[in-house]
Amino acid sequence: MDEQQNQNQTPTEEDEDDLTLVKEEIIVPQGYLDANTTPYGTINALEKGYCSLNFTPNSSMKVDNLGLIHSGYLVSSAMYAAMLAVNEPTAIPLASHCDFFAPFELGNTIEFRAQMLQNATKKREVQVDGFVLDIKVFQALFEVAIFEHHVFKLQITGPKKFDD
(Lines give C-alpha, C1' and ligand atoms only; values in the text may rest on other atoms or scores of the structure.)
Protein backbone atom coordinates (compact mmCIF):
# COMPACT_ATOMS: atom_id res chain seq x y z
CA MET A 1 0.00 0.00 0.00
CA ASP A 2 2.87 2.38 0.82
CA GLU A 3 4.41 1.78 -2.61
CA GLN A 4 1.15 2.70 -4.30
CA GLN A 5 0.88 5.90 -2.24
CA ASN A 6 4.48 6.84 -3.13
CA GLN A 7 3.77 6.35 -6.83
CA ASN A 8 0.74 8.64 -6.70
CA GLN A 9 2.49 11.52 -4.90
CA THR A 10 3.07 14.72 -6.80
CA PRO A 11 6.73 15.50 -7.55
CA THR A 12 8.56 17.75 -5.13
CA GLU A 13 10.82 20.62 -6.19
CA GLU A 14 13.79 18.34 -5.61
CA ASP A 15 12.31 15.71 -7.94
CA GLU A 16 11.74 18.36 -10.62
CA ASP A 17 15.36 19.52 -10.28
CA ASP A 18 16.50 15.93 -10.80
CA LEU A 19 14.36 15.66 -13.95
CA THR A 20 15.80 18.91 -15.26
CA LEU A 21 19.34 17.59 -14.80
CA VAL A 22 18.48 14.42 -16.70
CA LYS A 23 16.96 16.45 -19.56
CA GLU A 24 20.10 18.61 -19.79
CA GLU A 25 22.30 15.52 -20.23
CA ILE A 26 20.47 14.42 -23.37
CA ILE A 27 22.51 15.37 -26.42
CA VAL A 28 20.63 15.93 -29.66
CA PRO A 29 22.33 15.62 -33.06
CA GLN A 30 23.17 19.08 -34.45
CA GLY A 31 24.16 18.09 -37.98
CA TYR A 32 22.61 16.10 -40.81
CA LEU A 33 19.17 17.31 -39.77
CA ASP A 34 17.79 17.23 -43.34
CA ALA A 35 19.51 13.98 -44.37
CA ASN A 36 17.99 10.54 -44.50
CA THR A 37 20.32 8.94 -41.95
CA THR A 38 18.57 5.56 -41.96
CA PRO A 39 21.22 3.91 -44.20
CA TYR A 40 24.01 5.02 -41.84
CA GLY A 41 22.77 3.13 -38.79
CA THR A 42 20.95 3.49 -35.52
CA ILE A 43 22.41 5.61 -32.72
CA ASN A 44 23.10 3.67 -29.52
CA ALA A 45 24.73 6.44 -27.50
CA LEU A 46 25.50 10.09 -28.10
CA GLU A 47 27.63 12.03 -25.65
CA LYS A 48 29.90 15.02 -25.89
CA GLY A 49 32.78 13.84 -28.06
CA TYR A 50 31.45 10.28 -28.40
CA CYS A 51 28.96 8.34 -30.50
CA SER A 52 28.11 4.68 -30.81
CA LEU A 53 25.87 3.40 -33.59
CA ASN A 54 24.91 0.09 -35.16
CA PHE A 55 25.03 -0.36 -38.92
CA THR A 56 23.16 -3.27 -40.50
CA PRO A 57 23.37 -3.38 -44.29
CA ASN A 58 20.51 -4.33 -46.57
CA SER A 59 20.64 -6.47 -49.72
CA SER A 60 21.00 -3.46 -52.03
CA MET A 61 24.45 -2.82 -50.48
CA LYS A 62 26.00 -6.15 -51.49
CA VAL A 63 28.40 -6.44 -54.41
CA ASP A 64 28.06 -10.15 -55.16
CA ASN A 65 25.79 -13.15 -54.66
CA LEU A 66 27.79 -14.23 -51.57
CA GLY A 67 26.73 -11.12 -49.62
CA LEU A 68 29.95 -9.07 -49.59
CA ILE A 69 29.03 -5.48 -48.60
CA HIS A 70 30.58 -2.58 -50.52
CA SER A 71 33.13 -0.89 -48.24
CA GLY A 72 31.81 2.57 -49.11
CA TYR A 73 28.75 1.91 -46.97
CA LEU A 74 30.99 1.13 -44.00
CA VAL A 75 33.01 4.32 -44.52
CA SER A 76 29.80 6.38 -44.79
CA SER A 77 28.42 4.92 -41.59
CA ALA A 78 31.72 5.42 -39.76
CA MET A 79 31.89 9.03 -41.01
CA TYR A 80 28.35 9.62 -39.74
CA ALA A 81 29.43 8.33 -36.31
CA ALA A 82 32.46 10.67 -36.41
CA MET A 83 30.31 13.66 -37.35
CA LEU A 84 27.90 12.88 -34.51
CA ALA A 85 30.82 12.70 -32.07
CA VAL A 86 31.85 16.21 -33.21
CA ASN A 87 28.17 17.25 -33.25
CA GLU A 88 28.54 20.75 -34.71
CA PRO A 89 26.06 22.03 -37.32
CA THR A 90 28.81 23.67 -39.42
CA ALA A 91 31.22 20.72 -39.38
CA ILE A 92 32.44 19.11 -42.60
CA PRO A 93 34.76 16.13 -43.07
CA LEU A 94 38.19 16.97 -44.50
CA ALA A 95 40.01 13.66 -44.63
CA SER A 96 39.93 10.06 -43.54
CA HIS A 97 42.22 7.10 -43.28
CA CYS A 98 40.44 3.75 -43.04
CA ASP A 99 41.69 0.25 -42.30
CA PHE A 100 39.57 -2.82 -42.98
CA PHE A 101 40.58 -5.91 -41.00
CA ALA A 102 37.93 -8.27 -42.39
CA PRO A 103 35.33 -8.35 -45.15
CA PHE A 104 31.81 -7.45 -44.10
CA GLU A 105 28.88 -9.58 -45.17
CA LEU A 106 25.13 -9.23 -45.38
CA GLY A 107 23.41 -10.36 -42.19
CA ASN A 108 26.02 -8.92 -39.81
CA THR A 109 25.79 -5.77 -37.74
CA ILE A 110 28.80 -3.60 -37.05
CA GLU A 111 28.98 -1.28 -34.05
CA PHE A 112 30.90 1.91 -34.74
CA ARG A 113 32.37 3.71 -31.73
CA ALA A 114 33.54 7.23 -32.50
CA GLN A 115 35.70 9.13 -30.01
CA MET A 116 36.86 12.70 -30.57
CA LEU A 117 40.60 12.80 -29.82
CA GLN A 118 41.03 16.56 -29.63
CA ASN A 119 38.73 19.55 -29.75
CA ALA A 120 40.98 22.49 -28.91
CA THR A 121 40.98 23.88 -32.45
CA LYS A 122 38.60 24.25 -35.39
CA LYS A 123 40.06 21.03 -36.82
CA ARG A 124 38.99 17.93 -34.93
CA GLU A 125 40.28 14.38 -35.08
CA VAL A 126 37.92 11.50 -34.47
CA GLN A 127 38.92 7.84 -34.05
CA VAL A 128 36.25 5.37 -35.17
CA ASP A 129 36.49 1.67 -34.41
CA GLY A 130 34.09 -0.93 -35.82
CA PHE A 131 33.23 -4.19 -34.08
CA VAL A 132 31.32 -7.28 -35.14
CA LEU A 133 30.49 -8.93 -31.86
CA ASP A 134 33.70 -8.20 -29.93
CA ILE A 135 36.01 -8.46 -32.94
CA LYS A 136 37.54 -5.26 -34.29
CA VAL A 137 37.05 -5.31 -38.06
CA PHE A 138 37.49 -1.62 -38.92
CA GLN A 139 39.27 1.50 -37.76
CA ALA A 140 39.48 5.00 -39.15
CA LEU A 141 40.77 8.43 -38.32
CA PHE A 142 38.63 11.32 -39.56
CA GLU A 143 39.65 14.97 -39.72
CA VAL A 144 36.71 17.36 -39.38
CA ALA A 145 36.67 21.14 -39.80
CA ILE A 146 34.39 23.45 -37.85
CA PHE A 147 33.41 26.70 -39.54
CA GLU A 148 31.79 29.82 -38.07
CA HIS A 149 29.04 29.60 -40.72
CA HIS A 150 27.77 27.01 -43.16
CA VAL A 151 30.45 26.32 -45.77
CA PHE A 152 28.17 27.64 -48.54
CA LYS A 153 27.58 30.88 -46.64
CA LEU A 154 31.22 31.77 -46.05
CA GLN A 155 32.24 35.21 -47.29
CA ILE A 156 35.28 34.47 -49.44
CA THR A 157 36.97 37.58 -50.80
CA GLY A 158 39.02 37.99 -53.93
CA PRO A 159 38.39 37.40 -57.60
CA LYS A 160 36.68 34.24 -58.72
CA LYS A 161 38.41 31.92 -61.17
CA PHE A 162 36.08 32.74 -64.04
CA ASP A 163 35.89 36.51 -63.58
CA ASP A 164 37.24 38.55 -66.51
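Lysine 136 is partly exposed at 34% relative accessibility. The class runs between buried (under 20% relative accessible area) and exposed (over 50%), with a 1.4 Å probe and protein chains only. The lysine 136 side chain meets that of aspartate 129 in a salt bridge, 3.2 Å from N to O. Aspartate 129 is buried, with a relative accessible area of 17%.

This is a predicted model, in which local features need pLDDT of at least 70 and side-chain atom pairs count only at pLDDT 80 or more, while totals for chains, interfaces and linings use all residues. Residues are numbered from 1 along each chain as its sequence is written, and side-chain values use heavy atoms, with hydrogens and water left out.

## Salt bridges

A salt bridge here is a side-chain nitrogen of Lys or Arg within 4 Å of a carboxyl oxygen of Asp or Glu. By this rule there are four.

| Arginine 113 | Glutamate 111 | 3.1 Å |

Lysine 123 is partly exposed at 40% relative accessibility. Glutamate 143 is partly exposed too, with a relative accessible area of 24%. For arginine 113 the value is 30%, again partly exposed.

## Chain and sheet

The protein chain holds three helices and six strands. These are DSSP runs numbered from the N terminus: helices (H or I) have at least four residues, strands (E) at least two. From the N terminus, the elements run α-α-β-β-α-β-β-β-β. Of the 164 residues, 28% count as buried. Contact means heavy atoms within 4.5 Å. Among contacts between residues at least 6 apart in sequence, 60% join residues at least 24 apart.

The six strands form an open sheet in the order E1-E2-E4-E5-E6-E3, with antiparallel pairing. Two strands pair if DSSP finds at least two bridges between them. Strand E1 (42-47) and strand E3 (91-100) stand at the edges with a single partner strand each, so one side of each has no neighbour in the sheet. Neighbouring strands are turned by 20 degrees against each other on average, direction ignored.

E4 and E5 pair in the antiparallel sense over seven bridges. Glutamine 118 stands opposite glutamate 125 in E5. Helix H3 packs on the sheet and touches E1, E2, E3, E4, E5 and E6. The direction of H3 makes about 150 degrees with that of E2. Axes are lines fitted to C-alpha atoms, for helices over the stretch in contact; angles run from 0 to 180 degrees between N-to-C directions.

## Nonpolar core

A nonpolar core is a set of buried Ala, Val, Leu, Ile, Met, Phe, Trp, Tyr and Cys residues joined through side-chain atoms within 4.5 Å. The largest one has 31 residues, of which Ile110, Phe112, Val126, Val128 and Phe142 touch the most other members. Two or more residues come from each of E2, helix H3 (71-86), strand E4 (110-118), strand E5 (123-132) and strand E6 (135-146). H3 gives the largest share, ten residues.

## Two buried polar residues

Serine 52 lies in strand E2 (residues 50-55). Serine 52 is buried at 3% relative accessibility. Its side chain makes a polar contact with the side chain of glutamate 111, at 2.7 Å. Such a contact is a pair of N or O atoms within 3.5 Å; within protein, one must be able to donate a hydrogen and the other to accept it, and residues adjacent in sequence count only if both atoms are side-chain atoms. Glutamate 111 is also the salt-bridge partner of arginine 113. Leaving aside neighbours within four places, serine 52 is in contact with Thr42, Ile43, Asn44, Ala45, Glu111, Phe112 and Arg113.

Threonine 90 is in the loop between H3 and E3. At 18% relative accessibility, threonine 90 counts as buried. The threonine 90 side chain reaches the backbone oxygen of phenylalanine 147 at 2.5 Å. Beyond four places in sequence, contacts of threonine 90 include Ala145, Ile146, Phe147 and His150.
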